[in-house]
Amino acid sequence: MVESSTPSTNAFQAQTSAQKRAFSYSNTIHQLFTSVFQQKMPADRIVGEYFRAHKKHGSKDRRVIRESLFALFRWWGWLKKVHTSTEQDESWFAVLATVAELEGHSWSQFSEAWQSFANQSDKFNVQPSTQPLVTVTDKCHFVQQNFAEVSFDTKDLLPQWFWDVTDVSPENELALIEAMSSRPPIWGRAQKQSTAQLLSELQRDDITATGSEFFTDSVNLGHKSINLNAIKPYLQGSLEIQDLGSQVIGQVCNPQASDNWWDTCSGAGGKSLQLRSLMFNQDNNGTGTITASDIRKKPLEELLKRAKRAGFKGISVAAWKDETLPVTANHFDGVLVDAPCSCTGTWRRNPDMRWLDDTNVVNDKHALQLDILTRSAKAVKLDGQLVYATCSLSPVENEHVVNAFLAQHPHFALLPLQHPFTGQTTKQLTVWPQDANSDGMFVAKMRRKA
Ligand SMILES: C[S@@+](CC[C@H](N)C(=O)[O-])C[C@H]1O[C@@H](n2cnc3c(N)ncnc32)[C@H](O)[C@@H]1O
């Protein structure tokens with residue numbers, strides 16, 4: 001943890017207990033915020049490590065600290081124009097007070113304290129909003145009113161390099177910014193039981209969840225954090241957490257109950273489990289199998305634990321250590337390549353990454369992605385399917401990779417896809433975060449011809 005310079009409470013005349021507490025929260029948030037940028041490490045990791053080392057914080061403290069920190073990153077495209085120093089000065093308190101307004105945080109006693117610290121300087125006159133801030137356009141006006149000497153635009157909320165590497169039509173721009181400036185809900189899937197059964201079990205655990213209009217096994221678990229290890233459906237494997245956008249990938253694969261699929265970049269198996277679950281839903285005695293591979297061993301161990309929890313047979317792992325194919329060539333009905341990528345489609349959940357990464361994160365993986373796709377394609381049997389997916393919103397990692405592959409492999413052809421949320425037919429599908437309140441994803445499906 002990086003030590004940030006701490007001004008004395010006297011400097012800001014923190015007198016009441018709420019002001020003193022607000023001051024102490026500010027110290028912690030500032031330390032964490034500074035650490036994320038200095039260590040170039042995801043905020044989630046920095047915060048996790050901090051709370052493990054500082055058990056003194058109760059659940060309310062943790063909520064104020066964590067939510068204020070993530071909100072700072074969410075709105076940093078504007079706030080960095082206000083807080084240009086690295087100190088805990090008046091401008092820092094001005095941005096803390098502002099994020100509390102932008103997010104509608106309930107801790108008004110602390111945001112009022114931050115506001116009063118900011119307004120001790122002649123430079124600031126931060127005022128709360130007089131009306132509800134619903135859209136990013138409302139929020140932009142609010143910030144503009146409070147900080148009249150700088151100019152703000154909704155597009156600032158995503159870095160310029162993102163706009164440079166992403167094809168967003170002008171009519172979709174605002175909806176994308178709106179989605180990227182909010183958190184999606186937690187999405188999950190019902191496994192080995194109906195969604196209705198799962199929902200009623202969740203209700204027994206006091207968790208309000210709803211089904212989804214798009215996929216029969218999807219459940220929306222809302223925005224509240226859930227201690228998964230305390231709920232029965234999760235422990236029994238009848239609930240898996242998987243974003244709705246990610247679920248599109250398994251749905252596009254559409255594996256049949258007796259198919260053999262190879263998940264070449266399985267990680268801890270989010271999609272392997274979904275594929276197995278979809279097979280199981282068709283026929284729970286089906287002979288289908290999933291082989292999961294990854295360059296890293298640890299996630300494969302985690303995958304096996306998750307498969308055991310779900311009681312899924314037919315899932316095995318084959319570590320992919322070198323250039324050699326870890327599976328039989330020309331064997332699989334389907335091969336899924338969920339390639340390593342920039343993850344720009346998951347920025348709603350990790351708003352810090354848009355400020356930690358730069359354009360290289362999108363541009364430097366094209367060769368690796370094409371190489372993995374090319375090697376994976378060798379395992380597809382005649383008439384079998386090859387699915388390429390990323391959680392990137394950039395054509396550089398998506399269409400450009402698929403088109404380069406097809407140019408070198410004319411015996412593969414794209415299969416048309418229907419967007420599950422909008423109904424549009426397309427050759428290569430980008431799921432935008434605003435389409436159905438999910439992460440962003442990309443998927444293309446090819447068939448191996450004679
Ligand atoms: C997008 S993540 C996969 C997420 C996973 N499919 C899921 O649904 O949870 C990409 C994975 O590719 C793996 N990877 C990176 N380079 C690889 C390579 N050369 N061969 C195989 N896997 C690789 C990474 O370790 C990472 O787990």
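The following legends describe close-up views of a predicted model.

**View 1. The protein chain is assigned three domains.** The assignment gives domain 1 as residues 9-152, domain 2 as residues 185-242 and domain 3 as residues 243-448. Between the C-alpha centres of domain 1 and domain 3 there is a separation of 38 Å. In the unreviewed UniProt entry, residues 174-449 are listed as "domain: SAM-dependent MTase RsmB/NOP-type".

**View 2. Domain 1 and domain 3 are in contact.** Nine residues of domain 1 meet six residues of domain 3. On the domain 1 side, helices α2 (43-53) and α3 (59-74) each contribute at least two residues. The largest share of that side comes from α3, which supplies three residues. Sorted by class, the side of domain 1 that touches domain 3 consists of six nonpolar and three charged residues, with no polar ones.

**View 3. The largest nonpolar core has 102 residues.** Leu72, Val337, Tyr388 and Val443 are the members that touch the most other members of this core. Helix α5 (residues 90-103) gives the most to the core, namely nine residues. Both domain 1 (9-152) and domain 3 (243-448) provide at least three residues each. A second, separate core contains seven residues, among them Ala190, Leu198, Ala209 and Leu239.

**View 4. Val337 and the residues that it touches.** Leaving aside residues up to four places away in sequence, Val337 touches Thr264, Cys265, Ile372, Leu373, Ser376, Val387, Tyr388 and Ala389. Of these, Tyr388 is named together with Val337 among the core members that touch the most others.

**View 5. The ligand is surrounded by 14 residues.** Cys265, Gly267, Gly270, Lys271 and Asp338 are the closest. The shell divides into seven nonpolar, three polar and four charged residues. Cys265 is also one of the residues that Val337 touches.

**View 6. Leu303 lies in helix α14, which covers residues 298-310.** Is Leu303 buried or exposed? Leu303 is buried, because 24 other C-beta atoms lie within 10 Å, and the cut-off for a buried residue is 20 or more. Not counting residues up to four places away in sequence, Leu303 touches Ser266, Ala268, Gly269, Ser272, Ala292 and Val317. Arg45 is 258 residues from Leu303 along the chain, and the C-alpha atoms of the two are separated by 21 Å.

Technical notes
Residues numbered from 1 in each chain as written. Predicted model: local features only at pLDDT ≥ 70, side-chain atom pairs only at ≥ 80, totals over all residues. UniProt positions renumbered as here; feature names shortened; annotations may be inferred. Near = placed C-beta within 6 Å. Nonpolar A, V, L, I, M, F, W, Y, C, P; charged D, E, K, R; others polar. Core = buried A, V, L, I, M, F, W, Y, C linked by C-beta atoms within 7 Å. Buried ≥ 20, exposed ≤ 12 C-beta atoms within 10 Å, placed from the backbone. Helix = DSSP H or I, 4+ residues; strand = E, 2+ residues; numbered from the N terminus. Domains from an automatic or database assignment. Contact = placed C-beta atoms within 7 Å.
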